[in-house]
Amino acid sequence: MLSSTLAANGILSLLVSLGLRDLCIAPGSRSAPFALLRNRFPELAFHTHFDERDLGFLALGIARGSGTPAAAVTTSGTAVGNLLPAVMEARMSHIPLILITADRPWELLETGANQTCRQDGIFGSYAVFVHIPVLTSDIELNATKSRIMVALSDALASGIPLHLNVEMREPLYGDLSDSPLPARLPANDDRAGEHSFTDLRPEILPGNSLLTTLKTFLAPESPALIAAGSLPPEDAAMLAEPLRKTGHPIIADIQSNLRGRIPVLPPFDLLTARMPGSYERLRACRRLIVLEGHFISQKLLSFIRDFPGEVIFITKYTDGINASGHPGPVIRITPEALRKTILSLTDGNPVRTSVSPGDQFFTENPCLMPGPVMEKLSSGNAAGDRLTEASVIAALSKLETPLLIGNSLPARLADTLLSPEFPRGIFTLRGVSGIDGLIAAAAGLSHCFPDTGITAVIGDTSALYDLSGIALLRKYRVRLIILNNNGGNIFMKFPVPDEAILKELFVNPQNVTFAGAAGMFGIPWRQVTREAELRDLIRGPAAGEVLEIPLPPGEGINMLRELTDEAPGLPSAPSQNRAANKADQS
């Protein structure tokens, strides 16, 4: 058997036996041995794309939606470097991603050989790395599999991508019909025993001291408040009812996937801006439980930072939990173990609904919810039902598909206005809050929801940054909504005194429409300007299409300010120095 075939077949055999079901691969010669094995692994779906940067995000979207690893395979050279943005996001968002990069054999390094560079460890601390040399025997293959298993276990437990850099020596295109391998591997051949990806993720419980602290905070009689950050839909579904049974008021970031599942407080920025005294009432709780991290609201992070009582941080990983800097123990526990812990405390106990008996201050207040708030904003809109950024986001509360929310202004508006009536799943890519690959990631997500597809809402700059991703809408069910306000309007929050510099070097208007980009790939495109039209278009399942919504520059950011700035005379959040709370591009 060719050494390249031996390596490719051995790696795929191991990963498929563990549960790998999706492999994203770009055209390439050095990676050809993996592509040529497609018919030998009928249980493995092969996804193709011509752009390696988007290929990484396609795999990332699949892994994010399924909760299990997906693999991206590339040829050598700059193709590997193009995976870096997706690897960074996967690392910081703890998305299970496997990178398989084909490499030239070691003897060609530093010789000037074509498409040859140093690929070992190219992703640095963003991935667990395994070098796989040219394999010439079963002994070497078995040793390689053992190393992959150890590295994969480490990666899954830590929420870090796995990078396999595989030396492939020519020939690469042998006649597989002459190979001694069977067309389909027997169930007991080249398998990892009873192991699976799930088995490699340990159930983690804290030590006795931290477990006692956790139980004290979670107990129904505890005067505690819960701030829930980014939770995958599957974790939110597992924890929603136990969290409700604690009776603790819940501040739910839109990424928590708790809105619409259980009663939660109104969005934090609305609550503290519109209800007198709410900020101090929240601070009056003696304890604060921070569940996972990655909060969108800067005001909420400031609230956590300045909270006068005790704070604990709960996470299934060891990082990405405390951007506020407030001192407090970090309690690492898996969602399954957390659910069991809460239920052990709450089973048989009545559910409280407020911070103290008879205090109804924190029950849901309709006047603060997005619908009435939007009616107030719309009342001053002389154009009637003309769409605005705020009304687009509010309309998405009625979506019947999962939703991917882009970064920058869409994420902030969603955190303020979105209350899903049908909680199908809210997804973001805010590990590093970049605008890379959002369309490709949406395509990957849609693969996990074949019955409904998904809806994605992003800004025009994000869409320009991922034009090649639009090609994926030919194969994947993504309803892509582009909010075109002509540039990065989130930068209008920056205290840049020179308007010309602000416009040219930050907002950077491009004056484009996306009809031509959609047409180039044969994707249906439609411009939408009215609320009634949008509501009709987003009903039901999604298909591959582009809905472009033209919007006046600056209107969305001004609406966000109107919604979340403290109303005159309402003593809620303490005033903050705007220069100290500048927005970045996210």
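This is a predicted model: local features need pLDDT of at least 70, side-chain atom pairs count only at pLDDT 80 or more; totals for chains, interfaces and linings use all residues.
## Basis

Local features need pLDDT of at least 70, side-chain atom pairs count only at pLDDT 80 or more, and totals for chains, interfaces and linings use all residues. Numbering starts from 1 along each chain as its sequence is written, and side-chain values use heavy atoms, without hydrogens and water.

## Overall fold

The protein has 21 helices and 17 strands (DSSP runs numbered from the N terminus: H or I of at least four residues, E of at least two). Of its 586 residues, 58% are buried (under 20% relative accessible area, 1.4 Å probe, protein chains only).

## Nonpolar cores

The largest nonpolar core holds 50 residues (buried Ala, Val, Leu, Ile, Met, Phe, Trp, Tyr and Cys joined through side-chain atoms within 4.5 Å). V478 and L480 touch the most other members. Elements giving at least two residues each include α3, β3 (70-74), β4 (97-103) and β15 (478-484).

L480 touches I439, A456, I458, L473, E545, V546 and L547, leaving aside residues up to four places away in sequence (contact: heavy atoms within 4.5 Å). A separate core has 41 residues, among them A7, I11, I25 and I148.

## Largest pocket

The lining of the largest pocket comprises 36 residues (a pocket is an open set of points on a 1 Å grid where a 1.4 Å probe fits, with protein on both sides within 12 Å along at least five of seven lines; lining residues have an atom within 4 Å of a point). R201, P232, D235, K316 and Y317 lie nearest its centre. Two or more lining residues come from each of α3 (52-66), α6 (138-158), α8 (233-246) and α12 (335-346).
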